[in-house]
Amino acid sequence: MNSPDYDDSTAFLGDWGPFQRTVFALLCLSIVPNGFTGLSMVFMGDTPAHHCLIPAALNITDEWRNASLPLEEEEDSRVRKCSRLRLDIVKNYSDTGLLPWVDVNVSDIPREACMDGWVYDKGTYISTIVTEWDLVCSDDWRVPLTTSLFFSGVLTGSFISGQIADRFGRKIVLFVTMAIQTVFTFIQVFSPSWLIFCLLFFIAGMGQISNYLTAFALGMEIFSPSVRDIYSTLGVCLFFSIGYMMLPLASYFLRDWRMLLLALTVPGFFCMPLWWFIPESPRWLLSQGRVEEAEAILRKAAKMNGVKAPDVIFPQHQSMENAGSLKTFSLCDLVKTTNIRCITFLLCLVWFAVSVGYCALSLNTSSLHGNIFLNCFLSAMVEVPALFMAWLMLRRLPRRLCLSSTLAFGGLLLLFIHLIPQHMSYLTISLVMLGKFGLSAAFSIVYPATAELYPTVVRGTALGTCSMASRVGSLSAPYFIYLGGFNSSLPYILIGSLNVLSGLLYLLLPESFGSPLPETISRMQTGVWCKKKHSTCSPTKSKCEDVDQYESERF
């Protein structure tokens, strides 16, 4: 059944009344905790300068105690940080009165591992998880693994939350996952071991992405087309960036990782009472045949806006509540037809690429030359003009041009980094920030571009699936950074190439600019691959036509 467009049926509300402004503000506020939770490992997992501990109880002369420490001019930083002179030999030389570099060539003395632990520089941090559990030297692989485990939780949450939100509603998933993120982050403060910390971090990651995606989908379904662009850029993405900017500020004043994590949980608890002010998506309720509930929300919204609602808002849906045979949708519906399968595949690739770039550049700020707090703040600040640019582009330009141009811009700038001499670190930082500018704009555009292509019945599932691909990219990001240990330019070359390629492939997808949100799969736009089939196949046996007929009959 082809019903009138939802946006037409709810046009009586207006675009920007008190109801829309209230929901807009509250949904945006719920996003802020995601900004600092997702990137907190920049500071919690940073590795300060360190060297082997020489036990204070070891009875050796001061000359030999100083000689046992690594030399600053050692070329191999791992040797400096992860080994010391054999203390039994040093003790023997000290007891016999021999002097280092005078009577003994210290460079000939064998080395040993840091058996008594490490001494960490306290100039930047009081403690991090690295200093707490000695995640250095032979255990340094645990630091990128910690970040990857968080993003594994994000991946799991992306997979589960979209389908649950499509089945049980946007609002309940939003607040349940918000509670999961806040409560488990709070419990993380009391982690007795690295293993427990990672387990709790995984669960917090599940909640983090789930409430972000659900808040995004909820707003996209409540607001009119003229508000969606600003909501998806200067709304959720900007408030995510505000949370991101709060992270280096909080980290500057709270140098202990437990105190920092405790402070980061506070905003989440303040967001929980928003349950009584944020409504369920009327569009989702309508797709479930719950017409009376949808109309009740819209009548309350009309009252807030000071307008009169029609006696019957959705007359064409009145018979659906008693139909009793509404179809449920699942992940399988994203791959059942050629058109939706190709759209899903290409979007997953784009989400993967932009996530690798965004997360790698964000997490790598500690490796850039200069002050880590300032670099992180600049990395967050550069997102603000990027989001304004994305908003302006979404208002005026086709989605394909918006996303492909920002991906290509960010990717090309990163490709230029390997041409910069090492002593010109300021130029490297500038290119990194400009590349982050392009990819931040692309990340804010890909959300509405994806939501506009999928129908209401699978929108949450589709966003969750694309976010899963994005989180595979997030999982990979720490290891892209790890490759920088072999060649400092290699991560930028890989990330830049991947994003330029994705920008070109996105041009194959349908254009959604100016089109209403589809309600059913049969109303989805077709990609260039399907249009070509229509022109080459016979009118009666075209595969694309068969697909369209199949979709119309089923949906």
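These are my notebook entries on what I looked up in this predicted model.

**Entry 1: the whole chain**

I began with the overall numbers. The chain has 555 residues, and 55% of them are buried. Its secondary structure comes to 23 helices and four strands. I then looked at contacts between residues at least 6 apart in sequence, and 81% of these join residues at least 24 apart. The accessible surface is about 23400 Å², with 64% of that belonging to carbon and sulfur atoms.

**Entry 2: the cores**

Which residues touch the most other members of the largest nonpolar core? I found Phe 43, Tyr 231, Leu 347 and Tyr 454, in a core of 141 residues. Another core lies apart from it, with eleven residues, among them Ile 60, Leu 87, Val 90 and Ile 109.

I followed up on Phe 43. Leaving aside neighbours within four places in sequence, Phe 43 is in contact with residues including Tyr 125, Thr 128, Leu 247, Pro 248 and Ser 251. Leu 260, Ile 372, Phe 373 and Cys 376 are also among the contacts of Phe 43.

**Entry 3: two polar residues inside**

Asn 499 lies in helix α21, residues 490–505, and has a relative accessibility of 0%, so I count it as buried. What does its side chain reach? A polar atom of the Asn 499 side chain lies 2.9 Å from the backbone oxygen of Ile 495. Not counting residues up to four places away in sequence, Asn 499 touches Ala 353, Val 354, Gly 357, Leu 407, Ala 408, Gly 411 and Leu 439.

Then I turned to Ser 444, in helix α19 (residues 425–453). Ser 444 is buried, with a relative accessible area of 0%. Its side chain reaches the backbone oxygen of Ala 441 at 2.8 Å. Beyond residues up to four places away in sequence, Ser 444 touches Ser 232, Thr 233, Cys 237, Leu 387 and Ala 390.

**Entry 4: a glycine in α2**

Gly 38 is in helix α2, which covers residues 18–38. I checked its cover: at 11% relative accessibility, Gly 38 is buried. What does Gly 38 touch, not counting residues up to four places away in sequence? The answer is Phe 150, Phe 151 and Gln 208. Gly 38 and Phe 151 are 113 residues apart in sequence, yet their C-alpha atoms are 8.5 Å apart in space.

Most residues other than glycine have a negative phi. Asp 134 has a positive phi of about 50 degrees, and Cys 137 has one of about 55 degrees. Buried or partly exposed? Asp 134 is partly exposed at 27% relative accessibility, whereas Cys 137 is buried at 8%.

**Entry 5: salt bridges**

I went through the charged pairs as well; the structure holds twelve salt bridges. Arg 258 is buried at 19% relative accessible area, while Glu 132 is partly exposed at 34%.

Asp 88 and Arg 86 also meet in a salt bridge, 2.8 Å from N to O. Asp 88 is partly exposed at 45%, and so is Arg 86, at 31%. Arg 290 pairs with Glu 293, again by a salt bridge, with the closest N and O atoms 2.8 Å apart. Arg 290 is partly exposed at 30%, and Glu 293 is partly exposed at 38%. Finally, I found a network of salt bridges linking Arg 84, Glu 112 and Asp 116.

My last stop was the surface. A nonpolar patch of about 930 Å² is made by Phe 159, Ile 160, Ile 164, Phe 168, Ile 172, Val 176, Trp 275, Trp 276 and Phe 277. Which helix gives the largest share? It is α8, with four residues. Helices α8 (142–168) and α9 (170–188) each supply at least two. Trp 275 lies in the loop between α12 (257–271) and α13 (282–287). With a relative accessible area of 34%, Trp 275 is partly exposed.

Terms used
Residues numbered from 1 in each chain as written. Predicted model: local features only at pLDDT ≥ 70, side-chain atom pairs only at ≥ 80, totals over all residues. Heavy atoms only, no water. Patch = residues over 30% accessible without salt bridge, like charges linked within 9 Å, V, L, I, M, F, W, Y side chains within 5 Å. Areas by Shrake-Rupley, 256 points an atom, 1.4 Å probe, with all protein chains shown as cover. Salt bridge = Lys/Arg side-chain N within 4 Å of Asp/Glu carboxyl O. Buried < 20%, exposed > 50% of the residue type's maximum accessible area, 1.4 Å probe, protein only. Polar contact = N/O pair within 3.5 Å; in protein donor to acceptor, adjacent residues only side chain to side chain. Contact = heavy atoms within 4.5 Å. Core = buried A, V, L, I, M, F, W, Y, C linked by side-chain atoms within 4.5 Å.
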